[in-house]
Amino acid sequence: MGLVGDVLARQGRLLEPVPVIGPAGQPAGWVVGIEIEDRLLGLIQLDERDRFRRYASFLKRPGSIETGPRVGDWFDRSAVLERVSTWLGEGAELEEPILTFDRHPDRLVWMVRVTSGNEKLPERVFVAGDHVYVPTEPTEPTTG
């Protein structure tokens, strides 16, 4: 973890890597969360060639783990499904969440496809932490 400049993150535990899937279904890298006491300190993002892309901190106040979200807020697929189900209301049939990005690889989100026959529901919903939204259609995803 020498590439991560956050001293507190260097003391954290690495979580299992999660693959990132690009908008066209192609492999787009990996994300590895770093946690202490069920708090997500940040994440290490690797690109599609397993090269270091970035470290993103989730701490609002450096050195204070209490300001980080719970690990499950970002890495528990059942929590993601629950958020989407609550947001859409009853009757929504959902596929398993896929970690992807919204227009740029630095904007990581969980994508949940909505498979119910209700035409009023969106085809897909994005979740980033506790934020749930319907994505706007990008013209072309950027990868830089």
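These questions and answers cover the cores and salt bridges of a predicted model.

Residues are numbered from 1 along each chain as its sequence is written, and side-chain values use heavy atoms, with hydrogens and water left out. Because the model is predicted, local features need pLDDT of at least 70 and side-chain atom pairs count only at pLDDT 80 or more, while totals for chains, interfaces and linings use all residues.

Trainee: How many residues has the largest nonpolar core?
Mentor: A nonpolar core is a set of buried Ala, Val, Leu, Ile, Met, Phe, Trp, Tyr and Cys residues joined through side-chain atoms within 4.5 Å. Buried means under 20% relative accessible area, exposed over 50%, and partly exposed in between (1.4 Å probe, protein chains only). Val20, Val31, Leu40, Phe75 and Leu88 have the most contacts inside the largest core, and its residue count is 32.

Trainee: Is Arg83 buried or exposed?
Mentor: Arg83 sits in helix H3, residues 77–88. Contact means heavy atoms within 4.5 Å, and beyond four places in sequence Arg83 is in contact with Asp73, Val127, Gly129, Asp130 and Val132. Its relative accessible area is 18%, so Arg83 is buried.

Trainee: Which residue meets Arg83 in a salt bridge?
Mentor: A salt bridge is a side-chain nitrogen of Lys or Arg within 4 Å of a carboxyl oxygen of Asp or Glu. The N to O distance here is 3.2 Å, and the partner is Asp73. The partner lies in helix H2 (residues 71–75) and Arg83 in helix H3, so the pair ties together parts 10 residues apart in sequence. Both residues are buried, Arg83 and the one asked for, Asp73.

Trainee: How many residues apart are Glu35 and Arg13?
Mentor: Their side chains meet in a salt bridge, 2.8 Å from N to O. Glu35 counts as buried at 11% relative accessibility. Glu35 is in strand S3 (residues 27–36) and Arg13 in strand S1 (residues 13–14), and the separation is 22 residues.

Trainee: Which residues are linked with Arg53 in a network of salt bridges?
Mentor: Arg53 counts as partly exposed at 26% relative accessibility. Its salt bridge with Asp106 has the closest N and O atoms 2.8 Å apart. The network links Arg53 with Arg54 and Asp106.

Technical notes. Helix = DSSP H or I, 4+ residues; strand = E, 2+ residues; numbered from the N terminus.
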